[in-house]
Amino acid sequence: MNDDQVWLAIDRQRSAVVELLGALRAEEWEHASLCEGWTVRDVAAHLTLQELRFGQLLASMPAMVRARFDVERLTGDLARARARELAPDAIVAAIRATIGNRRHNAGVTVRETLIDILVHGQDIAVPLGRELPMAPDAVAEAITRMWTMRWPPPFPATRRLRGHRLEATDADFAIGAGPVIRGPIAALALLCAGREAAGQRVSEG
């Protein structure tokens with residue numbers, strides 16, 4: 001996929017996430033997500049923070065210090081702060097406002113933005129038992145990026161999977177070499193992103 005195609009895929013998935021969030025009951029917003037330690041509301045709030053410029057990142061330095069320069073911890077702290085700041089309707093509106101906007105966080109590429117919306121959409125949908133379809137070509141692009149990225153650093157789960165071959169059972173997609181792990185392409189993406197729930201949907205050998 002070229003960058004224009006990736007942005008179109010991001011916009012389609014953002015629209016789908018907005019539709020899903022708009023249909024949630026109040027108690028579902030506080031449900032645990034697939035992202036460990038994050039509620040559905042935290043994950044949705046994180047998706048409003050997709051266009052940070054270098055100046056905004058510098059402004060977050062005090063929070064980075066509090067997080068002891070742990071990027072994962074900082075990301076969670078910022079998401080929870082945003083979740084406290086915005087009501088659910090405002091979170092939905094903020095995500096909707098990103099549709100069609102081709103800006104991404106400083107220091108990353110458009111493909112990290114694609115990974116974010118695809119994986120976090122499933123972080124919300126899966127534990128709620130709701131369906132959130134993803135286009136196979138977009139998921140394939142996201143897995144390929146996770147598999148090959150050097151910067152930002154790849155997910156630890158992806159590093160552990162290297163030395164294996166991932167084969168989708170519902171799409172024409174495979175990557176890597178070694179012992180085979182098979183499963184739906186969505187499950188393979190979640191596996192690369194370190195979501196333990198994906199392990200129930202894949203098989204080895």
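Reader: What makes the largest cavity a cavity, and what volume does it have?

Author: The largest cavity comes to about 50 Å³, where a volume is the space filled by probe spheres set on grid points joined across faces, edges and corners. It's called a cavity because, on a 1 Å grid over the protein atoms alone, a 1.4 Å probe fits at its points but cannot get out. Bear in mind that this is a predicted model: local features need pLDDT of at least 70 and side-chain atom pairs pLDDT 80 or more, while totals for chains, interfaces and linings use all residues. Residues are numbered from 1 along each chain as its sequence is written, and side-chain values use heavy atoms, without hydrogens and water.

Reader: How many cavities of 30 Å³ or more does the search find?

Author: One, over the whole structure.

Reader: Why is its lining called nonpolar?

Author: The lining residues (an atom within 4 Å of a point) are Leu 118, Val 119, Met 134, Val 139, Ala 142, Ala 186, Ala 189 and Leu 190. Ala, Val, Leu and Met count as nonpolar, so the tally is eight nonpolar, no polar and no charged. Helix H11 (helices are DSSP runs of H or I, at least four residues) gives the most, three residues.

Reader: And what makes the second largest pocket a pocket?

Author: A pocket is an open set of points with protein on both sides within 12 Å along at least five of seven lines. This one has a volume of about 290 Å³. Among its 17 lining residues, Gln 122, Val 126, Glu 131, Ala 186 and Arg 201 are closest to its centre. Its lining divides into eleven nonpolar, two polar and four charged residues.

Conventions: Helix = DSSP H or I, 4+ residues; strand = E, 2+ residues; numbered from the N terminus.
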